[in-house]
Amino acid sequence: SEWPFKIIHCDCGDEFRASEILVHQSDACKLRIVECPFKSIGCIKEVKARDLEHHVTEDMASHLLLAVSQ
């Protein structure tokens, strides 16, 4: 069967073999929703993976306040 080798085009712009779709969706897709790395200190925001760096930078003051209130 050709299915596992078929090339898939994701909305995020990546291309990969069909057999890799689950790994792409869970670990690589820039459009997947991820939790803030500061969740453990109280940040509840979830953003697209491509926007995570922007969130961490933009909410730095909020993250610092969460850290010092621990």
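1. Leaving aside neighbours within four places in sequence, I8 is in contact with D14, E15, F16, R17 and A18; contact here means heavy atoms within 4.5 Å. The residue sits in strand β1, which covers residues 7-9. I8 is partly exposed, at a relative accessible area of 23%. The classes are buried under 20% relative accessible area, exposed over 50%, and partly exposed in between, with a 1.4 Å probe and protein chains only.

2. This is a predicted model, in which local features need pLDDT of at least 70, side-chain atom pairs count only at pLDDT 80 or more, and totals for chains, interfaces and linings use all residues. Residues are numbered from 1 along each chain as its sequence is written, and side-chain values use heavy atoms, with hydrogens and water left out.

3. The protein chain has three helices and four strands. Along the sequence they come in the pattern β-β-α-β-β-α-α. These elements are DSSP runs numbered from the N terminus: helices are H or I of at least four residues, strands are E of at least two.

4. The radius of gyration of the protein chain is 17 Å, well over the 11 Å that the globule rule gives for 70 residues, so the chain is more spread out than a compact globule. The radius is taken over C-alpha atoms, and the rule is 2.2 Å times the number of residues to the power 0.38. The C-alpha trace spans about 55 × 20 × 10 Å along its principal axes. I8 and L64 are 56 residues apart in sequence, and their C-alpha atoms lie 41 Å apart.

5. Of the 70 residues, 19% count as buried. Among contacts between residues at least 6 apart in sequence, 8% join residues at least 24 apart. The protein chain exposes about 5400 Å², of which carbon and sulfur atoms supply 57%; the areas come from the Shrake-Rupley method with a 1.4 Å probe, and for residues only the protein chains shown count as cover.

6. There are zero disulfides, a disulfide being a pair of cysteine sulfur atoms within 2.5 Å. C10 is in none, and its nearest cysteine sulfur, that of C12, is 3.7 Å away. C10 is partly exposed, at 22% relative accessible area, while C12 counts as buried at 16%.

7. The mean positions of the 8 positive and 12 negative charges are 2 Å apart. Lys and Arg count as positive and Asp and Glu as negative, with His and the chain ends not counted; each charge is placed at NZ of Lys, CZ of Arg, CG of Asp or CD of Glu.
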